[in-house]
Amino acid sequence: RRRVQDREIVPRGHLIHTVLRLRLAMKLLLCLLPVVALALAEPTIWIKETFEDESWKDRWVQSKKKGSEAGDFKWSAGKFYGDAGKDKGIQTSTDARFYGVSAKFDEDFSNEGKTLVIQFSVKHEQDIDCGGGYVKLFPSTLEPEQMHGDSPYNIMFGPDICGPGTKKVHVIFAYKGSNLLTKKDIRCKDDVFTHLYTLIVRSDNTYEVKIDNEKVESGKLEDDWDFLKPKEINDPEAKKPEDWDDRKQIDDPEDTKPEDYDKPQHIPDPDAKKPDDWDDDLDGEWEPPMIDNPDYKGEWKPRQIDNPAYKGEWVHPKIPNPEYEEDDKMYKYDSFQYIGVDIWQVKSGTIFDNILVTDDEEYAKQFGDETWKKTKEGEKKMKDEQDEEERKRREEEEKKKKEEEKTDEEDEEEDEEAEAEGEGEEDEVVETEGGDAEAEEGGSGEEEEGDAADVKDEL
């Protein structure tokens, strides 16, 4: 650099070199932007399980806690499916059993500052009457082989069915030693087809529940679960004034009961008569049966009028709750390391598949479309075909049964006719034999009388 007349002059060659360097840097940045954007958009996947082959047994650990009461999972696509390979999952196999199995994430993670997406598909092809179809996310403290219903978990999510009264989607959060159930009634699917269940928990303390990639419920955690104590409570020092009148209406003091109002509710039946064979000494004094009194008007009550002293409903004054504490991280858990199925089923046959835990809502939707959605139409088609075959089989059996019944009836009629004809022939034979016997008896009598005459003549 050199100064000329108090002005700072940059050599021309140096300026051109600087511009060229800036242009090169801009080109490199533009080339790297797609790579950076892709890296930033890449979802974090803690588990993605599609049960493509029997190697799933190496990743999932069966609980031994229930012993002989525990059922085993089998690898199956069920009785009907859209794709025999892609629709294979783990299926409950024995009725009236506990089922417990879990898989470990690649890392123990916290969802602080992140979106948490839990997604899986479940099919109750047995037309379940009572049993769970939910999953649980556990912290690192879980002992997989000892997992059971009381094992501490962070989140429980999925359908639960038991009779006509319970058909709900459980969304339960563990919070400060309590398991919090949602205040909302989220209905689950109760047919025999595969359905996709998704729970999204966001770092702004909001949530969303989807079924088959469609939103069915959403809101704020604080509103729909009792995470926090109420902000206000009734003032324990406040009491309703003794002269506070909250009766909207009162008895009319001018109204009086009519003199002829009181009538008995039941009266003796005037049409009843003492039976002729009634014996007062043996049966006691006869009393007519009682009947409802048509003149009975019920208990008299005075007419109601508006209460002139009515002050309205007394509202208990509120005060700030000293136990209330704000928590802007109620969504957060410090440790997630396992996902498991821990259920009881009366009737087995439920299939779990396409299990995903990620931080990307869009990726979860895409994964659901590529798995559940791609085979759902084929699954329904196969089930419809099976139902049609079953319908035809039942019709054939019913038709065959009716034909057999008709044949049996015809055979019975023929037997009855043959039996009747046989009885008629027997009667004719009996009559013929009777006549012959009488004729023989008559002939032998004549011979005996002739012999007697001869003997008499000889004598």
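Colleague: What makes you say that K88 lies over the face of W75?

Modeller: K88 is 4.0 Å from the ring centre of W75. That is within the limit, because a charge sits over a ring if NZ of Lys or CZ of Arg is within 6 Å of the ring centre and within 35 degrees of the ring normal. K66 has a place of this kind too: its charged end sits over the ring of F98, 4.4 Å from the centre.

Colleague: What sort of model is this, and how are residues numbered?

Modeller: It is a predicted model: local features need pLDDT of at least 70, side-chain atom pairs count only at pLDDT 80 or more, and totals for chains, interfaces and linings use all residues. Residues are numbered from 1 along each chain as its sequence is written, and side-chain values use heavy atoms, with hydrogens and water left out.

Colleague: Why is the link of C130 and C162 called a disulfide?

Modeller: The S to S distance from C130 to C162 is 2.1 Å. A disulfide is a pair of cysteine sulfur atoms within 2.5 Å, so the pair of C130 and C162 qualifies. The whole structure holds one disulfide. The angle about its S-S bond is -85°, and the link is left-handed.

Colleague: What does the pair of C130 and C162 tie together?

Modeller: C130 lies in strand β9 (residues 130-132) and C162 in strand β11 (residues 155-162), so the pair ties together parts 32 residues apart in sequence. Strands (E, at least two residues) are DSSP runs, numbered from the N terminus.

Colleague: Is C130 buried or exposed?

Modeller: Buried, at 18% relative accessibility. The cut-offs are under 20% relative accessible area for buried, over 50% for exposed, and partly exposed in between (1.4 Å probe, protein chains only). C162, at 35%, therefore counts as partly exposed. C188 has 9%, so C188 is buried.

Colleague: Why is the aromatic pair of W46 and F109 called stacked?

Modeller: The rings of W46 and F109 are 3.8 Å apart centre to centre, with 5° between the planes. Rings of Phe, Tyr and Trp (its six-membered ring) pair if their centres lie within 6.5 Å; planes under 30 degrees apart count as stacked, over 60 as edge-to-face and the rest as tilted. W46 is in strand β3 (residues 45-49) and F109 in strand β7 (residues 97-109), 63 residues apart. W46 is buried at 5%, and F109 is buried at 3%.

Colleague: Which residues do ring pairs link into a cluster?

Modeller: W46, F105, F109, Y333 and F336. The whole structure has 17 aromatic pairs.

Definitions and conventions:
Helix = DSSP H or I, 4+ residues; strand = E, 2+ residues; numbered from the N terminus.
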